[in-house]
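Morning, everyone. Today I want to talk about aromatic rings. Please have a look at the model first.

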Amino acid sequence: MIVRELGEFDGVLSENDDLMSIVTESRSQEISDDSFIPRSYFDLALKRIEWYAKKKNDRNFDHKQYDFLFNPDINKFDVIAFFLLCQAIGVKYGPNSRESRVLVESQGKLIENRLGKLSKIERNVLVTNILNSLLSSAHIKWTFFEDLISSKKLKLHELILDSGEIILDKDDFLERFSHKIQGRKPEKMYEALIGDRIKELVMIKMVMQNTENYIRQVGERSNREIEPNPILLELADKISEVLLASVQTFGQGSGGYGGSVKASALNPKAFPPCVKKVMEGMKSGGRNDAIIMFLTPFISYARLYPAVFSENITKQISDVDPTLSIIQNEILPLIFGAAERCSPPLFEDQPQDKVNLNAKLGFGMHQNPELKNEGETTWYTPMSCEKVKIHLPSLCKPDETCKKIGNPLSYYNRKIWVVKKESKAESAVEEDIKD
Amino acid sequence: MVKIEYLTPASPEERKRYYREEWNIKQVPEYIIQSIQEREFGFDHVGRGPNDRYKVFRTPDLLKRFLKVRTPFAAYCSVAFYDKPRRRDRWTKAELVFDVDAKDIPVRTCECEGVCEICLNEAREIVLGIIDTLKGDLGLQNIHVVYSGRGYHIRVLDNDVMSVNTDVRSQIVKYLVGADVPENEYSLDFEKVSYEHFVIPFGYPNVFTKRVKYAILHLNENSELDEVNKKLLKDVLKHRQLIELDNWGMFKNKIGPQRYRKVIKGIASMNMSLVDAKVSIDLKRILRLPSSLHSMVSMKCTEVKNIETFDPFDDAVPKFVYER
């Protein structure tokens, strides 16, 4: 309904006095610079994304520049800005893009922060109302949240399950479990384990999932339509610029949006524990998976295309190593070395696995990598930590850095900076001594 | 004590005898017979792995004839259902499967090389725990157990879970085996409260407690847990009778809270190996056909009617073994 009130689509670019008044009158809003004030729906949509990107990546993030996002009066404008973002991203980038992921995450964070501004009672009423509108029954089967679980927005072990149902309601909880609880107050246990926390979690994650679904629908519909609105395409370009700017200004941040990680010679000191373990050689049993499925993609991407996940562009090896000299002189020797250290050595009793290794690099089912065969198979991307735990559980011996990443390649990209810094510091100390 | 490794592989003659005299199509479970046209079958004729794949049988009689004539070394059937099983095309759904192989259990009290009565029984205990959680927590009902020859397959056919993808299956596995250490600090309005997993008698913390208890009671001095040194392991073994009596608080005090955290972290990581997770997340896996012969160990792959009382050495040994 709010969207319908907007009328003509071109209106999203016009200066809007009502919007500007709300922004400038927001209680703690910083207005010392014109650039802090969105003047149109278009601007507001970009500010929404900018808020999240800067909050995540900028150490000097100033929340006062974005206080208007938490002014309840912004609601009407905010809804339109949200739909503009979904449509722009859906049309231009689709649901599996970095832009889509950022929008979905920002929507979750925005709700979380807005809830934080409410009183406990207001918050509870609001969350209950939204949940009631999203859930059709008081008894919800966990399989209802299949999408959320699949996308890891919700983790099964974070929910309290009983007989296939997710327990959210207090009375339901007390009826099912109070007779089992000993020495503790069941009411307090409910508040701690479920209470508003889990309800909010479920509500926020459902909104995030619905946002993603909506972007998907827009993407599918736009494939069938002839020409997307140019304003949406312009907004989509600007969104990318905002994300890129936040990365260029603030380095890698914690989200890893950047494509700033450059390919360079491998530094084994920065390898994660799982890779170090495989490099030492494996016993029979997990040898093939460890060398072929796990190590080969890791080493090749770490050396040639470490920014694969942030850039999110599919490449072939020859795009980054046109003569295959790095593959021949640096990558294969490392992998063969690890295979040789296996007991028994992998290629000794299973020489056919060389073909499989070659296939994982994208050079088809052949003995050696040759440009003429490239593209017959896909260059496999490195396994995520989640996949390592499933396929090669014995490899996963996490250290402190592992807590911050979801893929061994991200570990390497992070650690390489630390290792470089440390070695600079060391050489500085050595020079001191020489002096 | 009977050791399966001492049971020699079945000879081609014994296979023939088994399929022609002892095997009966009625031993193939109903849940496979009912969907026979939607499944892919695979066979290993010489003992080098199932390379005769993409087989389809329109009726149970055709499967019967095939087995009686070809008397394969091993027979398999897909957990997946397809519209076009001959090309493994148009996947519609797949059973949710858990493979508990006795020889791969991470903590075994036996020292055997292959499998023996002790570790097979431990595999059975793990299966019981998983079934309990599948029913109690996840509310699943259509659960079947098959003795595979060296362990057990749990096969779940509830419609709710047969369509779920690899990522959901992976989370189900982690929940069932207790692969994540639960939170132990929770925020209330103005305070933080601490509830260790063992004081929460429901939900995932309760599942985790059961898995930790199983692990601690089956550890021995040679067990290896991530970041648990010999001294800590020794202390765990010294005080584990407290766990047997469910005196978790006292056990934690004896060990020390930080060292306790290390122990449960190590167990959570080890628990991922309680089942072969690759099997559970594979949507197109073929599994040994219940009723077929495991020719490597001369045991029958058998549907288990009652897991509480099942004994493979009574219920899964083919007649020809007794007549050797």
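**Aromatic rings**

Let's start with Phe57(B): this residue is buried, with a relative accessible area of 6%. Buried means under 20% relative accessible area, exposed over 50%, partly exposed in between, with a 1.4 Å probe and protein chains only. Phe43(B) is buried too, at 0%.

Some ground rules. This is a predicted model, where local features need pLDDT of at least 70, side-chain atom pairs count only at pLDDT 80 or more, and totals for chains, interfaces and linings use all residues. Residues are numbered from 1 along each chain as its sequence is written, chains are lettered from A and ligands numbered from 1 in the order in which they are written, and side-chain values use heavy atoms, leaving out hydrogens and water.

Now, pairs. Rings of Phe, Tyr and Trp (its six-membered ring) pair if their centres lie within 6.5 Å; planes under 30 degrees apart are stacked, over 60 edge-to-face, the rest tilted. That gives 31 aromatic pairs over all chains. Take Phe43(B) and Phe57(B): the centres are 6.1 Å apart and the planes at 80°, so this pair is edge-to-face.

Next, Phe198(B) and Trp248(B). Both are buried. Their pair is stacked, with 5.6 Å between centres and 15° between planes.

There is also a cluster: Phe173(A), Phe177(A), Tyr190(A) and Phe202(B).

Last, charges over rings. That needs NZ of Lys or CZ of Arg within 6 Å of the ring centre and within 35 degrees of the ring normal. Lys117(A) sits over Phe70(A), 5.0 Å from the ring centre. Lys360(A) sits over Tyr380(A), at 4.7 Å.
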